Amino acid sequence: MPANFGFATLALIVAVGLLGPLLAAPKQLRIPVVVGELGVGLLFGQSGLKVLDPTNPTFSMLADVGFALVMFVVGSHVPIRDVTLRSSMPKAALRAVLVGAVAVGFAVIIAQSFHTGHTLLFAVLIASSSAALALPMLDSLGLGGPAVLSVTAQIAIADTASIVLLPLVIDPPRAGRAALGSLAIGGCAVLIFLVLQHYEAHGRRKRLHRYSERHRLALELRISLLLLFALAALATATHVSIMLAGFALGLVLSAVGQPRRLARQLFGITEGFFGPLFFVWLGSSLRIRELGADPRLIGLGLALGVAAVLAHLVGALLRQPVAMAALSSAQLGVPVAAAALGTESALLEPGEPSALILGALVTVVVTSIAARAAGRRNPVVATGEKPSSGEPSSGGGSVGSGKAG
């Protein structure tokens, strides 16, 4: 990458990012777009042609913005306001706790077998789920019914818990400081929710919405970005991942109710530019060649992926359909975040971030197979008009898009 980060470099990154959707286009492959973007990042980054330099400060800064926006969009699509979903929470929470307990056992075995000190990190990774990966698969298949609602609740619980826990376990010596930072972000998120709820109850949000729409000012988007960047600044100052800042604000937006116009605007800037840029940056920063140089790392990645699937399959003991249990093992956002944090802060040994991504890819394969199996066994249930392909629904609805979580 040229030393001067200019428009030519931006054009190159956007062009590289377009290869992600192209790789996802063939129906026979069904490769998630995120995987394609990570792949082209690997190809053009440090593990491949070395055209992209992930250490460039401007590139890294834009990637951080993309990371925050991706987590913001994912959080805003968690269906908090769905009444039928809330009724499924008790059983879903019980399964999530059971999966977490099994994940701890697997994490101890893997950490000791591969002589790493990342037992807590592995436990969180194995127990995590990805709402942004699994729920769009359910939407695209038109699946419905109690089993689908229950697994949706389970994935949302696991996704939220793992995102909160990740900053605490990835750097245990600084867990206390990270916990205080997490509490500060959580407190600010609650305050923002109360303020927005007050404005919503008194009709001021609707008046702002109509004024912004009439004059084409995008005021809601501007305010959302202001809040996001302020929380991200707080996260940076308290040494907490901006992942938590984005996700927390997204949950607030989902709880209050996200206008469709704002959802489309956030979708446009995230999916159109900043999101792909982040995943291309992450792929370019991974040193996948280190996996080949050390077969132990390949074993670590495969072990993490297989352990994640097996841990989530224990849901079958509570009468959860096997396909739904396997679907809940979908991982992407948390391993990606761990790899990004480990790379930026040198918290992981060389090659370990790539091993984490390899483990996530194992779950992506299993999830794709499980979704197809569920589609064949479960009839399509019409639950109302669904958002058009690629366009997010309003707050409180299902996760229609988004990338990581």
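Arg207 is placed in helix 10, which spans residues 204-215, where helices are DSSP runs of H or I with at least four residues, numbered from the N terminus. The structure is a predicted model, in which local features need pLDDT of at least 70, side-chain atom pairs count only at pLDDT 80 or more, and totals for chains, interfaces and linings use all residues. Residues are numbered from 1 along each chain as its sequence is written, and side-chain values use heavy atoms, with hydrogens and water left out.

Arg207 counts as partly exposed because its relative accessibility is 47% (buried means under 20% relative accessible area, exposed over 50%, and partly exposed in between, with a 1.4 Å probe and protein chains only). Together with Arg204, Lys206, Arg210 and Arg214, Arg207 forms a patch of positive charge on the surface (patches are made of residues with over 30% relative accessible area and no salt bridge, like charges being joined within 9 Å; a salt bridge is a side-chain nitrogen of Lys or Arg within 4 Å of a carboxyl oxygen of Asp or Glu).

Ser224, in helix 11 (residues 219-237), is buried, since its relative accessible area is 9%. Apart from neighbours within four places in sequence, Ser224 is in contact with Phe72, Leu249 and Leu262, contact meaning heavy atoms within 4.5 Å.

Pro54 lies in the loop between helix 2 (33-44) and helix 3 (57-76) and counts as buried because its relative accessibility is 5%. With neighbours within four places in sequence again set aside, Pro54 is in contact with Gln46, Phe59, Ser60, Trp281, Ser284 and Ser285. The C-alpha atoms of Pro54 and Trp281 are separated by 5.8 Å, although these residues stand 227 residues apart along the chain.

How values were computed. Helices (H or I, at least four residues) and strands (E, at least two) are DSSP runs, numbered from the N terminus. Patches are made of residues with over 30% relative accessible area and no salt bridge: like charges are joined within 9 Å, nonpolar side chains (Val, Leu, Ile, Met, Phe, Trp, Tyr) within 5 Å. Accessible areas come from the Shrake-Rupley method with a 1.4 Å probe; for residues, only the protein chains shown count as cover. Lys and Arg count as positive and Asp and Glu as negative; His and the chain ends are not counted. The place of a charge is taken as NZ of Lys, CZ of Arg, CG of Asp or CD of Glu.
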